[in-house]
Amino acid sequence: MGAAASRAWLEERRLDAKKIRHWFVEIVIDSDSPDAVLDLNIYPEEWGFVFRRGNRVSSIRITDIPFVHGRDDFGLLPETPSLDRIGDLLATLERRFDFRFQRVGPRVKTNLVRGAMVVGAWLVHQ
């Protein structure tokens, strides 16, 4: 489930990881609230997200199934979308907590050629 979603995400963005055994895409999406941030991490074998607001955190990973990785203070496990619908989660959190994620200019770390540029363009449409 997680690996298939990661592979599909990579292919849909036409990113080439054939020569990179352990590719990664790590995205930090800030918000207009100083205490709210979402990290989205995509790897060959899984993907997941960590939402932080104040001293509370929800960390969800998707391997074979979605599961809580440590804590789920916001109860996001049942609301975990598929990777291609991550914009739904962003919108849910924005409505619930009355802030806006800054979809333009995310902080991206990746070892994929063109990865940061592609992620930036993709996130704007989420």
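## Aromatic pairs, nonpolar core and surface residues

Phe49 is buried, with a relative accessible area of 1%. The model in which this residue is placed is a predicted one. Trp47 is likewise buried, at a relative accessible area of 2%.

A search of the whole structure finds nine aromatic pairs. One of them joins Trp9 and Trp122, whose rings lie 5.4 Å centre to centre with 85 degrees between the planes, an edge-to-face arrangement. This pair links distant parts of the chain, for Trp9 belongs to helix H1 and Trp122 to helix H3 (residues 115-124), 113 residues apart. Both Trp9 and Trp122 are buried. The rings of Trp47 and Phe49 are arranged in another way: their centres are 6.5 Å apart and their planes stand at 35 degrees, so the pair is tilted. The angle decides this label, because planes under 30 degrees apart count as stacked and those over 60 as edge-to-face. Ring pairs also link Phe51, Phe74, Phe97, Phe99 and Phe101 into a cluster.

The largest nonpolar core holds 32 residues, and Leu38, Leu40, Phe51 and Leu93 touch the most other members. At least two residues of this core come from each of H1, E1, strand E2 (36-42), strand E3 (47-53), strand E4 (56-62), H2 and H3. Helix H2 gives the largest share of the core, five residues.

What is Leu38 in contact with, leaving aside its neighbours within four places in sequence? Its partners are Ile27, Val28, Ile29, Phe49, Val50, Phe51, Leu89, Leu90, Leu93 and Phe101. Two of the names in this list, Phe51 and Phe101, also belong to the cluster linked by ring pairs.

| Residue | Location | Relative accessible area |
|---|---|---|
| Arg14 | loop between helix H1 (2-12) and strand E1 (25-30) | 70% |
| Gly70 | strand E5 (residues 66-72) | 72% |
| Asp98 | loop between helix H2 (86-97) and strand E6 (107-110) | 72% |

Why does Arg14 count as exposed? Its relative accessible area is 70%, and exposed means over 50%. Gly70, for its part, lies in a strand, E5. The C-alpha atoms of Gly70 and Ser33 are separated by 24 Å, although the two residues are 37 residues apart along the chain.

Empty space in the model can be described as well. Rolling a probe the size of a water molecule over the atoms shows where such space is left. The largest pocket has a volume of about 150 Å³. Which residues line the largest pocket? They are Arg7, Leu10, Glu11, Leu15, Asp16, Ala17, Lys18, Trp23 and Pro44. By class, this lining has five nonpolar and four charged residues, with no polar ones.

Methods
Residues are numbered from 1 along each chain as its sequence is written. This is a predicted model: local features need pLDDT of at least 70, side-chain atom pairs count only at pLDDT 80 or more; totals for chains, interfaces and linings use all residues. Side-chain values use heavy atoms; hydrogens and water are left out. Helices (H or I, at least four residues) and strands (E, at least two) are DSSP runs, numbered from the N terminus. Buried means under 20% relative accessible area, exposed over 50%, partly exposed in between (1.4 Å probe, protein chains only). Rings of Phe, Tyr and Trp (its six-membered ring) pair if their centres lie within 6.5 Å; planes under 30 degrees apart count as stacked, over 60 as edge-to-face and the rest as tilted. A nonpolar core is a set of buried Ala, Val, Leu, Ile, Met, Phe, Trp, Tyr and Cys residues joined through side-chain atoms within 4.5 Å. Contact means heavy atoms within 4.5 Å. On a 1 Å grid over the protein atoms alone, a cavity is a set of points where a 1.4 Å probe fits but cannot get out, and a pocket is an open set with protein on both sides within 12 Å along at least five of seven lines; lining residues have an atom within 4 Å of a point. Grid points are joined across faces, edges and corners, and a volume is the space filled by probe spheres set on the points. Ala, Val, Leu, Ile, Met, Phe, Trp, Tyr, Cys and Pro count as nonpolar, Asp, Glu, Lys and Arg as charged, and the others, Gly among them, as polar.
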